[in-house]
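I opened this entry to look up the ligand site and the pockets. My notes follow in the order I checked things.

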Amino acid sequence: MLNIILFGPPGAGKGTQSAFLVEHFGLVHLSTGDIFRANIKGETELGKLAQSYMDQGKLVPDDVTISMLESEVDNHPTAKGFIFDGFPRTTAQADALDAFLNGRNAPIACMLALDVDEDELKARLLARAETSGRPDDANPTVIQKRIDVYNAETAPVAGHYAEQGKYTGVDGIGTIEEITERLCAAVPSE
Ligand code: AMP
């Protein structure tokens with residue numbers, strides 16, 4: 001199994017780059033944001049709960065997010081591995097993910113962290129709002145909140161994987177192809 005965490009602030013390019021990594025390494029892409037948005041579209045109970053947090057740029061509570069993620073992993077028993085995009089976003093989520101994957105003898109291989117400065121993130125998110133239809137991309141106050149939440153709650157997750165020797169920072173500025181090459185080169189060979 002090759003389990004990769006693609007990490008970085010909102011607008012860093014995780015979704016875009018996941019598509020290439022999935023193709024290159026034959027992995028399953030799990031984006032918690034995408035799963036929440038599918039639940040909102042499907043008007044499920046989970047979607048209703050998640051929407052109130054997402055609209056404000058806050059994190060959906062850990063217990064709900066962790067159990068959703070774990071059942072998604074279990075829904076893909078034949079996967080060669082996963083790209084986790086947007087998860088874990090808190091140290092509690094990281095602890096839960098490690099325990100869950102270690103219990104399946106399939107630990108995280110690496111965390112690849114896209115590094116993009118804050119001005120560029122804001123510009124990218126506002127540009128993405130033109131086509132994404134995401135209300136949380138279109139509102140500068142919500143964008144700032146998402147970046148603040150990232151800095152306060154999510155950034156410490158990098159230290160969690162750095163302590164395990166699994167963290168690699170990758171320059172997230174450049175063409176899509178350049179960044180894909182940097183990411184592929186940073187994946188440890190099995
Ligand atoms: P994203 O698509 O990754 O930008 O996520 C959009 C929104 O979904 C976030 O602002 C959060 O409200 C929620 N979300 C996504 N992933 C998580 C997570 N791992 N933990 C808590 N909330 C999440």
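This is a predicted model: local features need pLDDT of at least 70, side-chain atom pairs count only at pLDDT 80 or more; totals for chains, interfaces and linings use all residues.

A ligand nitrogen atom lies 3.0 Å from a polar backbone atom of Val60. Gln93 uses its side chain: one of its polar atoms is 2.9 Å from a ligand nitrogen. I then looked up the cover, and the protein hides 96% of the 480 Å² of accessible area that the ligand has on its own.

Next I listed the shell. It holds 16 residues, and those that come nearest are Thr32, Arg37, Lys58, Gly86 and Gln93. By class I noted five nonpolar, five polar and six charged residues. Helix H2 (residues 32-41) contributes the most to this shell, with four residues.

Which pocket does the ligand take up? It is the largest pocket, for which I read a volume of about 850 Å³. I noted 39 lining residues there, with Lys14, Arg89, Arg128, Arg134 and Arg146 nearest the centre. Elements giving two or more residues to this lining include helix H1 (14-25), helix H6 (118-132) and helix H8 (140-154). H2 again gives the most, with five residues. The lining divides into eleven nonpolar, 17 polar and eleven charged residues.

Last, I checked the second largest pocket, of about 180 Å³. Its lining includes Arg37, Lys41, Asp55, Arg134 and Asp136. H2 gives the most here too, with three residues. I counted three nonpolar, three polar and five charged residues in that lining.

Conventions: Residues are numbered from 1 along each chain as its sequence is written. Side-chain values use heavy atoms; hydrogens and water are left out. A residue is near a molecule or strand if one of its heavy atoms lies within 4 Å of it. A polar contact is a pair of N or O atoms within 3.5 Å; within protein, one must be able to donate a hydrogen and the other to accept it, and residues adjacent in sequence count only if both atoms are side-chain atoms. Accessible areas come from the Shrake-Rupley method with a 1.4 Å probe; for residues, only the protein chains shown count as cover. On a 1 Å grid over the protein atoms alone, a cavity is a set of points where a 1.4 Å probe fits but cannot get out, and a pocket is an open set with protein on both sides within 12 Å along at least five of seven lines; lining residues have an atom within 4 Å of a point. A molecule sits in a cavity or pocket if more than half of its atoms lie within 2 Å of its grid points. Ala, Val, Leu, Ile, Met, Phe, Trp, Tyr, Cys and Pro count as nonpolar, Asp, Glu, Lys and Arg as charged, and the others, Gly among them, as polar. Grid points are joined across faces, edges and corners, and a volume is the space filled by probe spheres set on the points.
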